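Here are a few notes from my read-through, as numbered points. Have the model open while you go through them.

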Amino acid sequence: MGKALGMKSVLKTFLVGAALCTITLSSASAEIFYVEDQGNRFSLSFPDLWAVTQNQKPDDKLTVTGPGEYKFANCRVRVREDRRYLIYPRKFASSVQKVAYSKQFWDEYLGEYDDVTLQSVTDGAGLGQGFATYAEATFTTAENPIVHKRAIMFASLYYDNAYIVECSTEQTVYDQWRPAFLSIVKSVDFTRTTAIYPSGHYRKFLNDPELIINGPNKLDSDHF
């Protein structure tokens, strides 16, 4: 009798857990869009209230816009080929980021806008599979509609591409949108192109015991 009650309790717990899992999965699938760009080797997710809109620049590969006609909230992924550092092993990726994608990069990047104020630059962050720098800035768009905006931007060099994610909105509502921006940035991932382990992730065969192959006599034995 006690065993039967115990089994019923386990079964009830399992069914409740399964129901909760089903709700979570269906809710997530109904609220999030996932986009993968195989040609440019990146993917990201964004809320279903956002919409994919037309890219504006040649290196824009994906632009998504948030709801609200006068909020001007959007995130865009820009991809630029950069083969300058392919000679360096992956262990130097953090150092390369600090040299090639830091404050000077953001100063040049923001040159396409007006009334620019670069508020902060932080190295050693992450984006997708790569090391990243991120910056926050205010600027005025140089093309219509003319909007005074505040942005958070991430840049990462991964293999032969620089990936730049820029999220911005009208300055007065930036704090309301920042959590959504960071959520989108966090979802960005790159198709793995470089090996994580320099040795190819072989097992530590040097720690194996000595292998002896005996020949016809002791002097003909081979040791490995």
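1. Let's start with the pairing of S1 and S2: the two strands run antiparallel and share 6 bridges. Within this part of the model, Val 35 sits opposite Leu 44 of S2. Keep in mind that we're looking at a predicted model.

2. Zooming out, these strands belong to an open, antiparallel sheet of 3 strands, ordered S1-S2-S10. Its edges are S1 (32-37) and S10 (189-190), each of which pairs on one side only.

3. Now the inside. The largest nonpolar core has 27 residues, and Trp 50, Leu 127 and Phe 181 are the ones touching the most other members. Strands S2 (42-47), S4 (60-65), S5 (74-81), S6 (114-127), S8 (148-158) and S9 (161-170) each give two or more residues to this core, as does helix H4 (174-187). H4 supplies the largest share, 5 residues.

4. Have a look around Phe 181. Leaving aside residues up to four places away in sequence, Phe 181 touches Trp 50, Ala 73, Asn 74, Cys 75, Ile 152, Cys 167, Ser 168, Thr 169 and Tyr 174.

5. Phe 92 is found in the loop between S5 and helix H2 (93-100). Is Phe 92 buried or partly exposed? Its relative accessibility is 36%, so Phe 92 counts as partly exposed.

Key: Residues numbered from 1 in each chain as written. Predicted model: local features only at pLDDT ≥ 70, side-chain atom pairs only at ≥ 80, totals over all residues. Heavy atoms only, no water. Core = buried A, V, L, I, M, F, W, Y, C linked by side-chain atoms within 4.5 Å. Buried < 20%, exposed > 50% of the residue type's maximum accessible area, 1.4 Å probe, protein only. Helix = DSSP H or I, 4+ residues; strand = E, 2+ residues; numbered from the N terminus. Contact = heavy atoms within 4.5 Å. Pairing = 2+ DSSP bridges.
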